[in-house]
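Please take a moment to look over the sequence and the model below. We will then walk through some of its features together.

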Amino acid sequence: MAEPILPGPLAVRVRAPAKINLTLRVGRPRPDGFHPLATVYQAVSLYEEVTASPADPGVIEVRVTGEGAEQVPADDHNLAHRAARLLAYQIGEPLGVTLRIEKAVPVAAGLAGGSADAAATLVACSLLWGLGLDHQDLLPLAAELGSDVPFALLGGTAVGSGRGESVAPALARGNYHWVLAFADGGLPTPAVYRRYDELGPTPPDPFEVSAGLMNALRNGDAEQLGRELINDLQAPALDLMPSLRKLVEAAEEYRALGVVVSGSGPTVAFLVASQADAVDLTVALSASGLCRSARYVTGPVTGARVLPT
Ligand code: ATP
């Protein structure tokens, strides 16, 4: 059996952010079954942490703790496990790793927590195994693992196309204040897309992100951004989880600048003008009974980054 590549540090800790979609336009399914997307991602200050430490050659172990850990597979179905396996396969060595995932992002919430774990794992294993790969090198592997994984590496604010895996940084100014309202339970992404197809898609023509949204970001104009938030998966998500409707409708009462279901839901993201407004809204939503809990986050933040151990 080949010797593993020279080991790097004893343990590597990496964090990667959740994302919200400021816009998510969805086309009709392609022949390969994927829906084409025109989206703008923003990374927000809610982070997954993955710690990679050495294991015997060929052994990939996953341990999961934190928010919703009991709903997450710890076997080779875990996206972090798949990320480590794919990287080892690409290198062609029986590399081993123990991955400890500390989840803060709720599971199946439309915030791409699993994708953040995969992105963090690619960075952590590359360093642990002494491979010297940078984010640019890891992007193709990230795209193979899932539509949202490349963005979790990149972070910031970015335009996504293809099935979301093709990402380009957006010209964006400013810091935005968001309150995320977490629902009781998750929504499986495939079910939301199925419902979208059943409801009869009406993709925008031309199929692209609106100029208004890109202008708002370029100018750092939170009020305009609030008006431009849109998600084609919002209708099917509300259809599958009708309790979300009241939450979305509450935006007006709470005088949010805008509101949108994130990704395939069920998390609802409220954009507000200031930190003070965000704190007020977090308290109000937490007490409203309309959601399980609410959390203040800011965006944009950077993608997968190594932390001191
Ligand atoms: P997506 O839109 O990428 O489907 P999401 O953001 O709505 O995802 P995730 O929390 O990323 O939701 O996970 C979706 C499903 O993926 C979960 O139901 C879980 O079974 C599976 N999964 C695999 N690995 C992970 C992981 N590391 N963390 C969370 N879920 C994972």
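Let us start with Ala108, which counts as partly exposed because its relative accessibility is 39%; buried means under 20% relative accessible area, exposed over 50%, and partly exposed in between, with a 1.4 Å probe and protein chains only. This is a predicted model, in which local features need pLDDT of at least 70 and side-chain atom pairs count only at pLDDT 80 or more, while totals for chains, interfaces and linings use all residues. Residues are numbered from 1 along each chain as its sequence is written, and side-chain values use heavy atoms, with hydrogens and water left out.

Ala108 has a positive phi of about 50°, although it is not a glycine. You will find Ala108 in the loop between strand E4 (97–103) and H2; helices (H or I, at least four residues) and strands (E, at least two) are DSSP runs, numbered from the N terminus. Arg255 has a positive phi too, near 55°, and is likewise a residue other than glycine. Look for Arg255 in the loop between helix H9 (244–253) and E9. With a relative accessible area of 73%, Arg255 is exposed.

Next, turn to the largest pocket. On a 1 Å grid over the protein atoms alone, a pocket is an open set of points where a 1.4 Å probe fits, with protein on both sides within 12 Å along at least five of seven lines, and lining residues have an atom within 4 Å of a point. The space in the largest pocket is about 1,000 Å³, where a volume is the space filled by probe spheres set on the points, and grid points are joined across faces, edges and corners. Where does the largest pocket lie? Domain 1 (12–169) and domain 2 (176–299) both give residues to its lining, so the pocket lies between them; the domain bounds come from an automatic or database domain assignment.

The lining divides into 19 nonpolar, 15 polar and six charged residues. Here Ala, Val, Leu, Ile, Met, Phe, Trp, Tyr, Cys and Pro count as nonpolar, Asp, Glu, Lys and Arg as charged, and the others, Gly among them, as polar. Among the elements that each supply at least two lining residues are strand E1 (12–26), helix H1 (79–91) and helix H5 (189–198). Helix H2 gives the most, with four residues. Ala124 is also found in helix H2, and Ala124 counts as buried because its relative accessibility is 0%.

Now for the rings. The count comes to one aromatic pair, under a rule by which rings of Phe, Tyr and Trp (its six-membered ring) pair if their centres lie within 6.5 Å, with planes under 30 degrees apart stacked, over 60 edge-to-face and the rest tilted. Tyr41 and Phe151 form this stacked pair, at 4.6 Å centre to centre and 10° between the planes. The two belong to distant parts of the chain, 110 residues apart, with Tyr41 in strand E2 (residues 37–54) and Phe151 in helix H4 (residues 149–154). Both Tyr41 and Phe151 are buried.

Arg15 lies over the face of Tyr47, 3.7 Å from the ring centre; a charge sits over a ring if NZ of Lys or CZ of Arg is within 6 Å of the ring centre and within 35 degrees of the ring normal. Arg163 lies over the face of Phe34, at 5.0 Å.

Finally, a cis peptide bond joins Gly265 and Pro266, with omega about 5°.
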